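Colleague: Before we open the model, could you take me through how such features are read, giving the general idea and then the case at hand?

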Amino acid sequence: MSYTSGSMFRVLLTNMYYAVKMKFLLAFLIALVGCEKKINPLDELPKDKTFRIAVLTEPPSLDWNKATDTTSSLVIDNIMEGLVSYDFSQKGKVLYKPALAQSVKYKNKGQTWVFTLREDVYWTDGVPFTAQHVVDGWERLLNPKTASAYAYFLYAIKNAREYNSGDIKDFSKVGVKMTSNQSIEVELTSPRIFFPFLLTHTSAYPIRKDIIEKHGVKWTEPENIVTLGAYTLNQWEHDKLLVLKKNLSYYGDFPGNAENVSVRIIPEVSTTLNLFNIGKLDFLDNIPSKQLSALKKRPEYFEFPSATIQYYGINTTRPPLDNPKLRKALVMAIDKTQIEKVFKGKMKASNSWIPEGIFGHNPNIGLSFNPEKARKLLDEIGGVDSLPTMTITFNPDEDNKRMAENIQAQWRDNLSLNVEVRNEEWKIYLSNLQNIRNITDNPEQGKIFIYRMGWVPDYPDPDTYMNLMTSYSDNNYSGWGNERFDKLIESAVSVDNGSTRQELYDQAQRILLEEGAPVIPLALSTQIFLKSPRVKKYLYNTMSKRIFKEVVLQ
Amino acid sequence: MKLFTALAFLISSLSLVFLSFFNYKIPSLLVWFTLALVGAVFVFYISHKNLISYALKRFIGVVALLFVISSLVFVMLRALPGGPFDEDRALPPEVEKNIRDKYSLDAPLYQQYWMYIKKLVQGDMGASFKYLEQDVSDILGDTMPVSVQLGLYALILSYLLGIPLGLLSAVKHNTLWDRLAMITAISGIALPSFLVAPLAILFFGFYLGWFEVALWEGPAYYVLPVLVLGTRPASVIARLTRSSVLEVLSSDYVRTAKAKGLHPFVILYKHVLKNSFLPVLTFSGPLIAGLLTGSFIIEQIFAIPGMGKHLILSVTNRDYPLVLGATLVYCLILVLANLIVDLLYSYFDPRIRLS
C-alpha cells in the first residue's frame with residue numbers, strides 16, 4: 001500500500017469507502033453474528049445432583065483388560081463390575097461379597113471354584129449378561145495378542161500362564177469352564193483361598209467381544225462403550241474432563257444421590273486446591289504436602305488409613321549390606337515416630353510388613369527402635385569406620401526426599417553413620433532396580449545400596465505383601481531369598497483356618513523382618529481428603545476405592 | 001486489490017480471534033478462508049519478489065531437517081535408560097515378552113526405524129504407548145488447538161503491549177517515562193512465570209475476584225494465563241523496539257523528513273516504525289513456535305488442556321511415538337515460522353536480497 005498524502009485521516013476514509021462496497025464481506029460478518037455459542041457440558045448438569053472431583057492425569061486406558069493405573073480404575077470401577085466386589089462393612093478387615101455372581105463356592109480346599117451368576121443383569125445396550133462375557137474377558141486378558149500387563153492376575157488358573165506365553169493355543173485347555181449360561185467353574189493350579197479377591201480387579205471384568213470387534217481400539221469412547229455398572233460413561237473430553245451418569249438399568253443398589261459425576265483432569269495439585277477453595281470441586285484426594293499443616297485445621301479435612309506400605313529395600317547382593325547384622329542395625333536405628341512427626345499425619349509408623357487392617361497383621365513382629373542394640377551390632381562387624389559410604393536412592397518426589405533426609409539424619413545421630421541421598425528419574429531408577437537382580441556381575445548393579453518403594457495391595461490378603469518378598473517374585477529387588485519363607489507363603493494360601501493361617505504368616509514375617517531384614521518397613525500412607533460440606537456422606541475404605549454410588553449430596 | 005485482500009484478512013482473522021475468545025463455535029469455512037488467504041498472499045508475494053526458487057530450496061531444506069530431527073530423536077530416545085512399559089510393578093517375563101512383541105520393541109533398531117519412517121511418510125505417527133486407545137495424531141489434535149488459542153492471544157498481547165511500550169520509551173528517551181517503561185520490561189523478563197502466575201491468581205483471582213483462577217472455559221478464564229504468558233515476550237519486544245527505534249531515529253533520512261517539515265507522528269509511524277521492526281521480526285520466529293505449541297508451566301498451573309505437557313511428560317513416560325510426534329510438530333512450526341520471517345525481511349527492508 002502506498003500513500004502519498006500525509007493525511008492519515010483521508011487514507012482511513014478511502015479504506016472505509018472500499019469496505020462498504022465489499023458487499024460479500026458484509027454478508028460474511030452477518031453470518032458470523034449468527035454463530036452458535038459453545039456449550040459447556042458441565043453447565044447442563046444439575047448442581048445438586050453432581051459430584052465434582054478431579055484426577056491428576058488423563059486415564060491412560062478405559063479398556064479394563066489393559067488398564068493398570070489408579071486413575072483408569074477409578075473410572076472403570078464405577079462403570080463396570082466384577083463377579084465379586086469388596087465388602088468394607090466389617091471394621092479391621094476387608095471381605096468380598098457377591099456382585100455379578102450371586103454365589104461363590106469352593107471345593108478341594110480352594111482349588112476349584114464355582115460361580116453362579118445373576119440372571120437379572122443387562123448391559124447398557126439391553127443385552128443380557130451371561131457367563132460367556134466373563135469367559136470372553138478372561139480369554140482376552142490372557143491372549144498374548146492383547147499384551148495386557150495384568151494378564152498375570154489370572155496365572156493362578158490352571159494353564160493360564162501357558163496360554164498367555166503362547167505355549168498352549170487352545171483356550172479350552174485353560175481351567176475355565178462354562179457349565180451353563182449362568183455358571184462358571186474355575187480350576188486353579190493349586191488351592192488359593194483368596195482367589196475371588198483377584199476377580200475384584202478391573203482386568204478380570206467381563207467384556208463384550210462383539211462391541212470390541214465392531215469398534216476396534218476406539219470401543220472405549222463414550223459413543224461406543226457398553227457397560228453394566230452403576231454409572232455410564234457419558235462424556236470423555238480427552239485431557240480435560242469425563243462425565244459419568246447414573247445407569248438407569250443398573251441391577252444393584254444405588255444408595256446415594258449423586259446422579260452425575262464430573263471428573264476433571266487437572267495435573268497440578270495446588271490448582272485442584274484453588275478450585276476446591278472457590279467451590280468448583282467437592283472432593284480432593286491429592287493434597288500438596290507443604291500445605292498439610294494449614295489444611296489440617298479446616299473442617300473439610302479428613303483422614304483415613306490405607307493399606308499402602310512405604311518401605312526401604314536393601315540390595316543384599318552388595319557388600320557390606322550382604323551382612324544381615326548390618327541390615328538389622330540399620331532397621332533398629334530408625335525411630336519411626338520421627339517419620340510421623342515429619343509427615344504430620346500423612347504417614348503412620350509401622351514395624352510390621354503386613355499392615356494394620358489386613359488379616360495376618362501382628363504388631364509384635366518386627367524390629368523396633370533400639371539404638372544401643374543397633375550400635376552393638378555395628379561394633380560386632382567392625383564399627384562404622386569399616387563401612388563404605390552408602391546411598392539411599394529414590395525417585396524424585398517431595399515426600400520421598402523428605403523421608404530420605406529424615407532417615408539420613410537418624411542414622412547419623414543414632415549410629416554416627418553417614419549415608420548419601422540421591423534421586424534418580426523414575427524410569428532410570430526402575431531400570432537400576434531391575435539391574436540388581438538381572439545381571440549378577442553388572443557394574444551398574446553398584447548403583448543401588450538402599451532403595452525406596454511402596455506397595456499398593458492388589459487384593460486385601462496378606463499374600464499380596466508376602467508374595468512380594470519370595471525369592472521368585474519379580475518385585476523383590478533386594479536379591480534376598482529364603483527357602484523356608486517361600487515354603488511358608490506357598491502353604492499359607494491354601495489354609496482356610498484363620499488361626500493356622502495366622503501362625504504361618506507370623507513365622508514368615510519373623511524370617512523376613514527379624515532374621516533376614518532385606519526390607520525396612522517404614523510407614524503406612526494415610527489417605528487425606530478435603531470434602532466440601534455439601535457432600536453429606538462419603539464412605540472411605542482402606543483399599544482407596546472411590547465408590548460414587550454411595551455418595552450423598554445435600 | 002491489495003486493499004481488499006488486506007481488509008478481508010483483517011476481518012477474517014479478527015473475527016477468528018474474537019469468536020474463539022468469546023467461546024463461539026468457529027465455522028470451519030472461516031478457518032479455511034483465512035488460511036487460503038494467507039497462502040494466496042504468500043504465493044503472490046513470493047512470485048512478485050522473485051523468491052520462488054529461494055522458497056523452494058528452503059522448503060526442501062525443511063523436509064530434510066524434519067527427517068534428520070526425527071532420526072536423531074528416535075535414536076536418542078532408545079538410548080535413554082528405562083523402557084515405556086517399566087512401572088513400579090515388575091511384570092512376569094511372559095507378559096513382558098507379549099508387550100514387547102506387540103510394539104515390536106525387540107526388533108533390530110534399524111527395522112523399527114524403517115517401520116516408523118514408512119508410516120510417518122504416510123502421515124501416520126502411530127499409537128501412543130501410554131494412552132493405549134489413542135493415536136498420537138488424536139492426542140495432538142485434541143490438545144494443540146487449545147495451545148494455539150492460548151499462544152495466539154499471548155502473541156497478540158505481546159505485540160500490542162511491547163511495541164507501544166518500546167516506542168514510548170524511545171521517543172521519550174531518558175525521561176521518567178523511559179525509565180518506567182524499561183523497569184516494567186526488565187521485570188517482565190526477570191520474573192519467572194511460575195512466580196508471576198500464582199501471584200496473579202492470588203491477587204486477581206482470590207483477592208479481587210475479577211478472573212477465574214484456573215480452567216479454560218471462557219473469556220474470564222483466558223485473561224490470567226494469557227497475561228502471564230504474554231508478559232515476557234512483550235518485555236523482550238519492548239526492549240528490542242526501543243533500541244532499534246532509537247537507532248533509526250538518529251539516521252539521516254529521519255533528519256531529512258524532519259527538515260521537510262513532516263509531522264512527528266507521520267515520521268514515527270510511517271518511516272521509523274517499519275524500518276525498526278526487523279529485530280522484532282527476527283525474534284518472532286522462535287516466539288511464534290514457542291507460544292503456539294504450549295507452555296508447560298502455564299498450562300500446568302492454570303489446568304489448560306494444551307499440548308505443552310505432552311512435550312515434557314511423553315519423555316518422562318518414554319512414550320516414544322508421542323515424543324516423536326510432539327517434537328515433529330514443534331519443529332515444523334518452528335521452521336515454518338522462521339521461513340515466513342525470512343521471507344518477510346525483504347518486505348520490511350527492501351535492501352535485503354534473498355537468494
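Colleague: How many salt bridges are there between chain B and chain A?

Modeller: A salt bridge is a side-chain nitrogen of Lys or Arg within 4 Å of a carboxyl oxygen of Asp or Glu, and by that rule eight salt bridges are counted between chain B and chain A. One of them pairs the side chains of Asp458(A) and Arg89(B), with N to O at 2.0 Å. Please bear in mind that this is a predicted model, in which local features need pLDDT of at least 70 and side-chain atom pairs count only at pLDDT 80 or more, whereas totals for chains, interfaces and linings use all residues. Residues are numbered from 1 along each chain as its sequence is written, chains are lettered from A and ligands numbered from 1 in the order in which they are written, and side-chain values use heavy atoms, with hydrogens and water left out.

Colleague: How many salt bridges are there over all chains, and why does the pair Lys218(A) and Asp138(B) join two chains?

Modeller: The count over all chains comes to 38 salt bridges. In the pair you name, the closest N and O atoms of Lys218(A) and Asp138(B) are 2.6 Å apart. Lys218(A) lies in the loop between α7 (209-215) and β8 (231-237) of chain A, while Asp138(B) lies in helix α6 of chain B, so the pair joins two chains. Helices (H or I, at least four residues) and strands (E, at least two) are DSSP runs, numbered from the N terminus.

Colleague: How is the size of an interface given?

Modeller: It is often given as the accessible area lost when the parts come together. Here the buried area (accessible area, 1.4 Å probe, that two parts lose on being put together, summed over both) is about 6000 Å² between chain B and chain A, and carbon and sulfur atoms give 61% of it. The contact (heavy atoms within 4.5 Å) takes 66 residues from chain B and 68 residues from chain A.

Colleague: What is the phi of Asn108(A)?

Modeller: Asn108(A) has a positive phi of about 50° although it is not a glycine, and Asn108(A) is placed in the loop between β4 (101-107) and β5 (112-117) of chain A.
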